[in-house]
Amino acid sequence: MNAPLTQPLQFVPGGVDPALATRLRSAVRGELYFDRASRGRYATDASIYQVDPIGVLVPRDDADVAAALDVCRELGVPVLPRGAGSSQCGQTVGHALVIDHTKHLNRVLQFEPDELQVTVEPGVVLDQLNAWLRPHGVWFAVDVSTSAQATLGGMAGNNSCGSRSIAYGNMVHNVHAIDARLIDGTTASFGPEAQMQEAPARVRELAAQLRAIGQRERDAIAERVPRVLRRVGGYNIDVFNPQSVRPYTRDGSVNYAHLLVGSEGTLAWTRALTLDVVPLPRHRALGVVNFPTLYRAMESARDIVTLTPTAVELVDRTMIDLARANPAFRPVIEAALIGAPDAILLVEFCSDAADEPRRRLDDLTALMGDRGLPGTVVPLIEPAAQKALWDVRKAGLNIMMSMRGDGKPVSFIEDCAVPLEHLADYVERLTEVFRRHGTRGTWYAHASVGTLHVRPILDMRRDGAAKMRAIAEEASALVRAYKGAYSGEHGDGLVRSEWVEWQFGPRLTRAFEAIKALFDPAGLMNPGKIVRPPRMDDATLFRFPPGYRVTPLTPALDWSAYDVQNDALTETLSAPGSGGDAAHGLAKAVEMCNNNGHCRKFDAGTMCPSYRVTRDEIHLTRGRANTLRLALSGGLEGDLAGDAVHTALELCVSCKGCRRECPTGVDMAKFKIEARHRRQATHGLALRDRVVASLPRWAAWAARMPGLFNLRDRLPGAAALTERVLGIDARRSLPRWRSDTLLRTAGADDADPSVVLFADTFTNALEPENAHDALRVLRAAGYRVAVARAPAGEAPLCCGRTWLTAGSLDTARREAQRLLDALAPHVARGAAIVGLEPSCLLSLRDEFLVMGLGERADALAQRAFLIEEFLDAERRGGRLALPLRALPHSRALLHGHCHQKAFDALKPVRAMLQEIPGLAVDVVDSSCCGMAGAFGYEAEHYDTSLAMAELTLLPAVRAASRDTLIVAGGTSCRHQIADGTRGTNPRAALHPVRVLASALQ
Ligand SMILES: Cc1cc2nc3c(=O)[nH]c(=O)nc-3n(C[C@H](O)[C@H](O)[C@H](O)COP(=O)(O)OP(=O)(O)OC[C@H]3O[C@@H](n4cnc5c(N)ncnc54)[C@H](O)[C@@H]3O)c2cc1C
Ligand code: SF4
Ligand code: SF4
């Protein structure tokens, strides 16, 4: 194909215009960023592209946006509206002033139950909206996979489509009106024709000119706009001559908002959107059809849609295998399989009548039987089981992106839409195209509407760009042959705008340019998208262009597992350490972040507490990963030790939420250890950090003189003094030192112990009663127990956690080595190593494995358990005889330590507590408690720490009745609960083992 370039726009990476910064600073109240690191954090989205913006504005309100557009217009500076930045095609990447609407412009403005309409600001996130709407019995049904982060402004910008579009349509079918601001400052509500009569003269004139273009191009529209539901490329010029198989409006009339939908921020700024909502379906059922081949699955989609399902979604063999390899997804996917299918289709039926979805499932089963596939349908009736499987499907792309090595699944033909009758042939022929180009793709998603997602694996640092173009050429020829749409879901952006002319022809492309000129004569709104685009394979726009360099660096931890290359065809990985990373795997580990923005979710799970309380990109896992990537590739001063990295990591509480919940396993807590290690090598450690890091050393002195060490909370003025000298917040109480440490009071060990209790510094010196209760519980269950001890004359054993946190890796390694020396003989005998403090014990299964401690560390990791994990595994193995009786309490409220959650070690806690007769256990769906070791004690972090606790944990604790037990496994969590509920309704939390011990018969 000849690239259809008409006056391509030049992207000139450049410095900041001082006039712009000065003018904006005096015009807006919101946050403005022009520094290199902040611009770098806004230079990417979930695409392959990266372009530094000129600056970033986080507007406080609509007036800020108005002022910024005025300044930009006067200075001729381009503007780029941005939501969550989860676009896959480079829509939110550009040399412009980025305006991020997510932090402040996120209110639901109005709900009209009778009209079934809701009006929202552009920064409202879809899940947030649907949570708001649920009590009203309605929802906004464009259910994109990125519902936890995608904003309504961004969804409208991209004309997004959900899994259930066959039933509900795309954004364009569900937006009633858009309140827009043009670059010249005009504001107006764009909506149905009648409404436009009330618009200002400039907009009435604009509407008339648009109408004229529509009239003029009627024939071209009929000829060139694909007649499929999923067509999101170009502008929706077919508002003037409807082509979609699902009309945009019921009566075919023009709605001018629909022209803004899908315009990718190139025409106007969306101030507010009025959306059509629909009643929540009361009953759903899901049938999973298992197919012997992908071809049969695709062939069957056409028949299945005749049963009027609300969704038909494909998951192919590779995706099934990847889901099986993920511990969280394995049981869910396996429950949906019959044998070893090559592909499955998820077929959903909804109805208000209770038995209707089940009846439809029977129809589905009968249909498959008629088609020669009897016994292939797994019915899922329970809502929880359905949701779990939908979550696996929604995670599809992210599961794929967890592939290590430079070859990654690349998004450029990932959402072509073809009519259903051609779907099977299209898939087969495109698979052959991939094979010829030495790659493969994984197929999944919206079989119901002929939009299958597929991303061939390409290495953009090497031959990826050439292969991308070649595959795009062949894919487009197939799409044309089947009369499909080249852009069926994710929009045009930088990767597909070049194909707009190919799809719509020169005449409609000129019409698109004319539409753009009517709205935005100077071409300032998100230039280079939809009209006048650059080439898709312009390597100067790539995040990882050929020649991408990482600054050589020797990390302190072992990252070699990431330093690999993959073979696109055979799916094999090269040996650890062979990937050619100049940072020995650290850079490739950081590059695992693909910018999909899932860490912006705020409702469930742990990730990412600092974002949840600040809503700042810098305090988000993605923002941190981007900062680290820039630092590692020479884009920021001072590499990992520099100020930009330090600032970005400052509020990271090392909760490891991202380690588990980031779909590609970005492990920021480990990166932070690495960064702090380099920082202290160049800057040294501050006094407070030295004191905190060496706590396990001076803990022995504190135990000898607890009265002296506890003076700080008793002596008037001492707290203020420690704040001045050490930066420990005066409002915090400090943990109380004890003279009766476990090591002094534990008594004799049992002979030939089967369990060895590792009492970490905090348990030993601050809460020895927890360890005593652990000994009681273990012995009551019949185990022979010993307490792990250091050789005589040495300091008590320690996992080294406090030094790890400070980045003092040499000391941390020495401590780990001592612990290993003490425990290895027990491990060799087959004893279990059991601990109480999650952050200490779990470091034996995490950081110990990348500290160069050798094979003994691997063996220890296999045998190290939190006490509840150990007991529960014994219980499940039928080996546990723990005599428990009922307590006076009938309920327990359980808060999980973040590291427990990151290692899926909270379920055993709940399971063991539920062994207590009559005790109901509620788990708080809390993120980090905010204390996070020393973080919550630090004066500059006190407010952030409490804000994290106030997200869900403290309100849940306060709401619990007085006779509900509050249970928390982490010492910091217990302290935060006590501090956070001081005053009228103080609550103390217990370690779970104390509750078990109190229930011993
Ligand atoms: C893993 C993954 C899964 C995805 N699944 C789906 C899916 O199921 N369905 C789907 O359709 N898409 C999907 N996407 C693409 C993307 O998530 C959606 O397009 C989403 O709706 C974008 O929302 P956002 O808030 O991130 O918008 P952004 O990416 O920030 O912006 C999108 C566009 O809207 C414009 N825009 C944003 N705000 C405004 C405003 N106030 N005024 C004017 N223009 C504005 C931007 O300039 C940009 O062009 C997926 C992406 C990923 C990474
Ligand atoms: S850190 Fe993980 S969840 Fe966040 S954007 Fe990167 S890959 Fe996505
Ligand atoms: S470790 Fe926790 S705070 Fe840090 S980036 Fe990950 S989720 Fe966020």
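**Cavities, ligands and strands**

The lining of the largest cavity is made up of 11 nonpolar, 4 polar and 7 charged residues. In this count Ala, Val, Leu, Ile, Met, Phe, Trp, Tyr, Cys and Pro are nonpolar, Asp, Glu, Lys and Arg are charged, and the others, Gly among them, are polar. A word on the source: this is a predicted model, where local features need pLDDT of at least 70 and side-chain atom pairs count only at pLDDT 80 or more, while totals for chains, interfaces and linings use all residues. Residues are numbered from 1 along each chain as its sequence is written, chains are lettered from A and ligands numbered from 1 in the order in which they are written, and side-chain values use heavy atoms, with hydrogens and water left out.

What is a cavity here? On a 1 Å grid over the protein atoms alone, a cavity is a set of points where a 1.4 Å probe fits but cannot get out, and lining residues have an atom within 4 Å of a point. A volume is the space filled by probe spheres set on the points, which are joined across faces, edges and corners. The count is 13 cavities of 30 Å³ or more.

The volume of the largest cavity is about 320 Å³. Of its 22 lining residues, Ile-48, Met-401, Lys-408, Arg-543 and Phe-544 are the closest to the centre.

The second largest cavity holds about 100 Å³ of space. It has 14 lining residues, and those closest to its centre are Cys-593, Asn-596, Cys-599, Cys-662 and Val-666. By class, this lining has 6 nonpolar, 7 polar and 1 charged residues.

Which ligand sits in the second largest cavity? Ligand 2 does, where sitting means that more than half of its atoms lie within 2 Å of the grid points. Around ligand 2 there are 13 residues, the closest being Cys-593, Asn-596, Gly-597, Cys-599 and Cys-662; a residue counts as near if one of its heavy atoms lies within 4 Å. That shell has 5 nonpolar, 7 polar and 1 charged residues.

Now ligand 3. The residues around ligand 3 include Met-607, Cys-608, Cys-652, Cys-655 and Cys-658. Its shell divides into 8 nonpolar, 2 polar and 2 charged. The peptide bond from Met-607 to Cys-608 is cis, with omega near -5°. Cys-608 lies in the loop between α21 (586–590) and α22 (609–614). Helices (H or I, at least four residues) and strands (E, at least two) are DSSP runs, numbered from the N terminus.

Next, the strands, which pair if DSSP finds at least two bridges between them. Strand β17 (residues 443–446) runs antiparallel to β13 (residues 311–316), joined by 3 bridges, and Glu-313 has His-446 as its bridge partner. β17 also pairs with β18 (residues 451–454) in the antiparallel sense over 4 bridges, with Tyr-444 opposite His-453. β17 and β18 form a hairpin with 4 residues between them, and Gly-450 in the turn has a positive phi of about 70°.

Elsewhere, 3 strands form an open sheet in the order β25-β24-β26, with parallel pairing. β25 (920–923) and β26 (965–968) are at the edges with a single partner strand each, so one side of each has no neighbour in the sheet. Between β24 (residues 891–895) and β25 there are 4 bridges, and Ala-892 is the bridge partner of Val-921.

Note on methods:
On a 1 Å grid over the protein atoms alone, a cavity is a set of points where a 1.4 Å probe fits but cannot get out, and a pocket is an open set with protein on both sides within 12 Å along at least five of seven lines; lining residues have an atom within 4 Å of a point.
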